[in-house]
Structures are given as C-alpha cells and as structure tokens.
Amino acid sequence: MHPDDPLDQKLTQERPAAHPDDPASTERTIGRHRAAERRRRGRALLASTPVRVALATGVTCCLGVAAFASTREDAEAAREPVAEALAERAVDDDRASRSLDRAVSPSPSPSLSPSPTPKPAPSATRKAPRKPAPPPRPRPVAGLTQAQMDNAKVIVDVGAELKMPRRAMVVAVATAMQESRLYNLASDVLPESSRYPHQGSGSDHDSVGLFQQRPSSGWGTIRELMRPSYAARAFYLALRDVPGWQQMSVAGAAQAVQVSAFPDAYAQHEELATTVVAALT
C-alpha cells in the first residue's frame, strides 16, 4: 500500500497516539516495578539462614502437632475396644461370683469401675465335732448294782450281735452270776491282770474276767479275757459248739461250757438271769 494512499492516511489518523504522560500507563509501570522488587526481596529473605531456620522450625512444629493429634486419635480408637472388653469382663466376673455376699445387679453397666471385692468368709475357729454321747446306762433291776447291770448289758449285746437266741443270753448271764457275781475280776495269781480295768480280784487258779476263764486252758490272753465283750463272745462261741445245748437246762448248758467242779450251782441264778435279760432286750 502506498503511503500516500488516502485510506492508509485515514487509518493512521484514526489510531490515537500513546501519550507517555498517561496516568494509567504510568501506574501499571510502577506496579510492575514494585512487584519485581518484592519478589527480589522475598528471594533474598528466603536465602538468609535465620529465616530458613525459622521456617524449618515452624514446619517441624506443625508436623509434630499433626502427628500428636493423629496418635491421640489412634489411641482413643484403640482404647474403646479395650474399655468394652474390660466392661464385659467385669460383668462376667460379677455373674460368675460365688461369694455369699454377691448382689445381683439389675442390668450390667459398661463401666470401667472394678467389681466389688467379695468379702471373705468369716474365719471363725471351727469347733471340734462333739463326741457322740454314750448310750444311756441301763437301770439296774433285781437288786443289781450299776456295774453289774452294765456288765449284763455287754453280755446281752454280744449275744444279739451273734444272733444267739434269748435262752443263750439267759445261760450266759446266769453263768457270769455264778462265776464272778457279774464283776470283771482280775486274779491274784496273775499280776498282769491287775494292769487292766477290773472291779475286784479272785484267787481261783489263773481264772480272770466275768466268766473266770483260764488263759492256760486256751480261752485267750490275759488282756483279751479282761475285756467283757471278748469274754462274752468266747463263751457264746463255745456254747454254740455244744451239741443239743438248746434242749439242755440252763445249768446243764452252762456246765457243758465251763466244766465246773460245782455243776448244779448255776441253776440258782436262772430266774434272776431271766429277769435281767428281759429288762435288756
């Protein structure tokens, strides 16, 4: 296009010329210079060592606070299952308690408070078990003393244990009445017999006890024969071995066992022996 072209000249005239004194343009230029200056100062400030240290410290503190908060949240989250487990265990322990003092709670409460400690059972000194009272002593009959009645009871009780009939008990009691007057006698001939419980002494050879049985004849040892229960048992077993003793008289049955020098002496005690056995059975 030619410079002298009227159209070009018109366009040239229409474009306004930039005036260096335009206030807006001047302000934009100053702003750009200020921004550049601030960036330059900022870079210089960041390049200094104290500022870097301060920034690093700040960042570290922020990271530490964030880590502490995260750790605390994790701890709280981990503590909840433990708290629930402890609560459930406390409830189970309370249900399983066998203490006499336990109280039934209306509803389990999921609290961490420890279950009440059961009170120990009172440690009272246990009293020694009482010994069974001795059986009542039989009341004497037919003019017998208490000692005689006690010995007669031993004879009757042993006969009952051996399932001997009442007639055998009458024979045994009548025999003891004749031999020792129903007393457990020691022997002056056997000093050892006096070391055992006795109610008097005799001097008929080595005869001892209620039935005046002789150790030398094989009835038993001195110690055994001084026990009324053993002496009565020995008499019953010997009577049982006598053939047909049930058909004999009381005196005849007694003599068959004792082989006494006075065979008729037993008959005088039959009535009294019958009364005593009746009182004890």
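A residue counts as buried when its relative accessible area is under 20%. Keep that cut-off in mind at the first stop of this tour of a predicted model.

**Colour by confidence**

The mean pLDDT of the protein is 76, and 56% of its residues reach 70 or more. Now select residues 5-21. Here the pLDDT is below 50, and the stretch has 6 contacts beyond near neighbours in sequence. Select residues 93-108 next. Their pLDDT stays under 50 too, with 8 contacts in the model beyond four places in sequence. Where pLDDT is low, the predicted coordinates should not be read in detail.

**Select helix α5**

Take residues 166-180, which form α5. At 1.5 Å a residue, these 15 residues should span 21 Å. The end C-alpha atoms are 21 Å apart, so the model agrees with that expectation.

Is α5 largely enclosed or open? Of its 15 residues, 11 are buried, so the rest of the structure largely encloses this helix. Highlight the buried ones: Ala168, Met169, Val170, Val171, Ala172, Val173, Ala174, Thr175, Ala176, Met177 and Ser180.

Then show what covers them. The cover includes α4 (146-161), α7 (228-240), α8 (250-258) and α9 (270-280). Step just past α5 to Arg181, which takes a positive phi of about 55 degrees.

**Show the nonpolar core**

The largest nonpolar core has 37 residues. Ile155, Phe211, Tyr236 and Leu239 touch the most other members. At least two core residues come from each of α4, α5, α7, α8 and α9. The largest share, 9 residues, is supplied by α5.

Click Leu239. Neighbours within four places in sequence aside, Leu239 is in contact with Ala168, Val171, Trp245, Ala253 and Val257. Apart from this core lies another, of 7 residues, including Leu190, Tyr196, Leu225 and Met226.

**Finish at the rings**

How many aromatic pairs are in the whole structure? A search finds 2.

Select Phe211 and Phe235. Their ring centres are 4.9 Å apart and their planes lie at 15 degrees, so the pair is stacked. Phe211 sits in the loop between β2 (201-202) and α6 (222-225), while Phe235 belongs to helix α7. The two are 24 residues apart, so to speak a link between distant parts of the chain. Both Phe211 and Phe235 are buried.

Phe235 has 0% relative accessibility, and Tyr236 is buried at 1%. Ring pairs join Phe211, Phe235 and Tyr236 into a cluster.

Note on methods:
Residues numbered from 1 in each chain as written. Predicted model: local features only at pLDDT ≥ 70, side-chain atom pairs only at ≥ 80, totals over all residues. Heavy atoms only, no water. Helix = DSSP H or I, 4+ residues; strand = E, 2+ residues; numbered from the N terminus. Expected span 1.5 Å × (residues − 1). Buried < 20%, exposed > 50% of the residue type's maximum accessible area, 1.4 Å probe, protein only. Contact = heavy atoms within 4.5 Å. pLDDT = per-residue confidence, 0-100. Core = buried A, V, L, I, M, F, W, Y, C linked by side-chain atoms within 4.5 Å. Phe/Tyr/Trp six-rings, centres within 6.5 Å; stacked < 30°, edge-to-face > 60°.
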